2 protein chains.
Amino acid sequence: MVYVIKVGGNVIDNPALLDRFLADFAAVPGKKILIHGGGKIATRIGDKLGIESKYIDGRRITDADTIDVVTMVYGGLVNKQVVAQLQAKGCNAIGLTGADANIIPAVKRPVKTIDYGFVGDIPAGAVQAAPIKLLLDAGLTPVFSPLTHDGNGQILNTNADTIAASLAVALSAHYPVRLIYCFEKKGVLRNAADDDSVINLINRDIYKTLLAEGVLSDGILPKLDNAFSAIESGVKEVLIGHANDVRNNTTEAVAGTLIC
Amino acid sequence: MVYVIKVGGNVIDNPALLDRFLADFAAVPGKKILIHGGGKIATRIGDKLGIESKYIDGRRITDADTIDVVTMVYGGLVNKQVVAQLQAKGCNAIGLTGADANIIPAVKRPVKTIDYGFVGDIPAGAVQAAPIKLLLDAGLTPVFSPLTHDGNGQILNTNADTIAASLAVALSAHYPVRLIYCFEKKGVLRNAADDDSVINLINRDIYKTLLAEGVLSDGILPKLDNAFSAIESGVKEVLIGHANDVRNNTTEAVAGTLIC
């Protein structure tokens, strides 16, 4: 089994949560990959540099100044600090972007009504599994920042959840893959105000019912869409759970929400 | 032959020079490694962030704020832009720091009269050749930013010339290695004011004579010390030359200064 584990920006931004998460992640045996966010830190550094963060519908607009900021913060500051901390915990991490070894060639999002700027979408089948397999089989743990490239020299900003799903799909041709989304909730909640209202299992039918009931928060919908898309493309299991539960979620005794 | 090629900050900081250099580097056939600087860009970003660059004897003092700046700029902005540009030129680059795959474990420089802060020195024999060999043998081109780590979670700032020499020495146990220092002069100059006064060959005896004559500029001395140290530790050839001559300097028709 390969564990493809995504950890969100709220964990990355909290040193105590991050330290605990990285210790748990380092303790996961076998082959594993980490994908991290870092949006809040990018926003803070951008503010200090006088570069305003712009969003439309919750998505960052990545202009020329902003792609430099996220390249620095995601690809440099966050990625290399995570790698150094994993090394200290005995995990032989190697930090990457999608440009490295051409692992994730992407396409700059076409301008329709909104110009998202230097944002990359990943075409189906674009991810190169061979270099990841090379690293995993050598006992290394790839750590991805949410950056891709266009093949013409331009770094692109790509959603970390999407990168995680794309990597999981590409690797599922070579290994059984469990994709785990770690965030600051215990799973998909039936009641956003009740942290213990975790829905243990969601399949397509249950998802339709939940959507009809209108109980799911807006933030979770892209994660669920990514999850179903990954499963339909060959990923064995998808889990959504708390960063503190990552160790359990790589065993049979899963916490959080199982998508199937 | 493996070419270990270091390119200095003045080239990195000049888009036209950099583009030409990367095109020439991409065209070098066979196994190769790039090590880049980036100090001027780090200084500019640090200035914008209100972090003053401090130097003693030409060496950057790396306090806690500064190590974050160089981690962002060297490990993120410069490294990932170089990787994306090499990918566009058909070179399958993979960007790394010394923390990645634990390739360059270093030791924080002890405080004697000067506290250099988060600066890393590389103990003899510390560089791990195995992960570099894995990448080279898979047809990948490692691109190193001048960062190492202490094994306890701390990124350290390490001189790029020193990293290049250390990598060249470690690889010389596995391959014949030519170490090439590329900068904005045509080689080691007999007369700093005359760009065409290149000394074609320097050995230990000639070096002693040149030192006695006092004709060498201060900036070149650490490069020459690194070069002799590398040769004494197994590196086959060391060249010092212009970034524009990198393609020639990977053939027999070398330009620049050969150290032997």
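A residue counts as buried when its relative accessible area is under 20%, as exposed when that area is over 50%, and as partly exposed in between (1.4 Å probe, protein chains only).

**Before starting**

The structure is a predicted model, in which local features need pLDDT of at least 70 and side-chain atom pairs count only at pLDDT 80 or more, while totals for chains, interfaces and linings use all residues. Residues are numbered from 1 along each chain as its sequence is written, chains are lettered from A and ligands numbered from 1 in the order in which they are written, and side-chain values use heavy atoms, with hydrogens and water left out.

**Stop 1: chain A as a whole**

Select chain A. Its secondary structure comes to 8 helices and 14 strands; helices (H or I, at least four residues) and strands (E, at least two) are DSSP runs, numbered from the N terminus. The C-alpha atoms of chain A fill a box of roughly 45 × 40 × 35 Å along the principal axes. A compact globule of 260 residues would have a radius of gyration near 18 Å, and the 17 Å of chain A agrees with this. That radius is taken over C-alpha atoms, and the globule rule is 2.2 Å times the number of residues to the power 0.38.

Of the 260 residues of chain A, 55% count as buried. The accessible surface of the chain comes to about 10100 Å², and 50% of it belongs to carbon and sulfur atoms. Such areas come from the Shrake-Rupley method with a 1.4 Å probe; for residues, only the protein chains shown count as cover. Contact means heavy atoms within 4.5 Å. Among contacts in chain A between residues at least 6 apart in sequence, 69% join residues at least 24 apart.

**Stop 2: the annotated domain**

Next, select residues 1-241 of chain A, which an unreviewed UniProt entry annotates as "domain: Aspartate/glutamate/uridylate kinase". UniProt positions are given in the numbering used here, feature names are shortened, and annotations may be inferred rather than shown by experiment. The span is 40% helix and 20% strand, and its end C-alpha atoms lie 19 Å apart.

**Stop 3: the annotated binding site**

Select G38(A), G39(A), R60(A) and N157(A), which the unreviewed UniProt entry annotates as "binding site". Although spread over 120 residues of sequence, these residues cluster in space, with a largest C-alpha distance of 12.2 Å.

G39(A) is found in helix α3 (residues 39-48) and counts as partly exposed at 23% relative accessibility. Leaving out residues up to four places away in sequence, G39(A) touches R60(A) and Y74(A).

N157(A) lies in strand β10 (residues 155-157) and is buried, with a relative accessible area of 9%. Not counting residues up to four places away in sequence, the residues touched by N157(A) include R60(A), Y74(A), F118(A) and P146(A).

From here, move to T66(A) in helix α4 (residues 64-88). T66(A) is buried, at 5% relative accessibility. Apart from its neighbours within four places in sequence, T66(A) is in contact with I51(A), R60(A) and I61(A).

**Stop 4: two loops**

Select A101(A), in the loop between β5 (93-96) and β6 (107-108) of chain A. Its phi is near 55°, a positive value in a residue other than glycine. A101(A) is buried, with a relative accessible area of 3%.

Then go to V254(A), in the loop between β13 (237-242) and β14 (257-259). V254(A) is partly exposed, with a relative accessible area of 35%. Its C-alpha is 9.0 Å from that of G241(A), 13 residues away in sequence. Residues up to four places away aside, V254(A) touches R178(A), L239(A), N248(A) and N249(A).

**Stop 5: the cysteines**

Select C182(A), which is buried at 1% relative accessibility. The closest cysteine sulfur to that of C182(A) is in C91(A), 14 Å away and too far for a bond.

**Stop 6: both chains together**

Finally, show chains A and B. A rotation of 180° with 0.0 Å of shift along its axis superposes chain A on chain B (RMSD 0.0 Å). That is the relation of a two-fold axis. In chain A, the C-alpha nearest the axis is that of G76(A), 1.8 Å from it. Copies are superposed by least squares on the C-alpha atoms of residues with pLDDT of at least 70 in both. The copies meet through the same surface, because 100% of the interface residues of chain A are also interface residues in chain B.

Key:
A disulfide is a pair of cysteine sulfur atoms within 2.5 Å.
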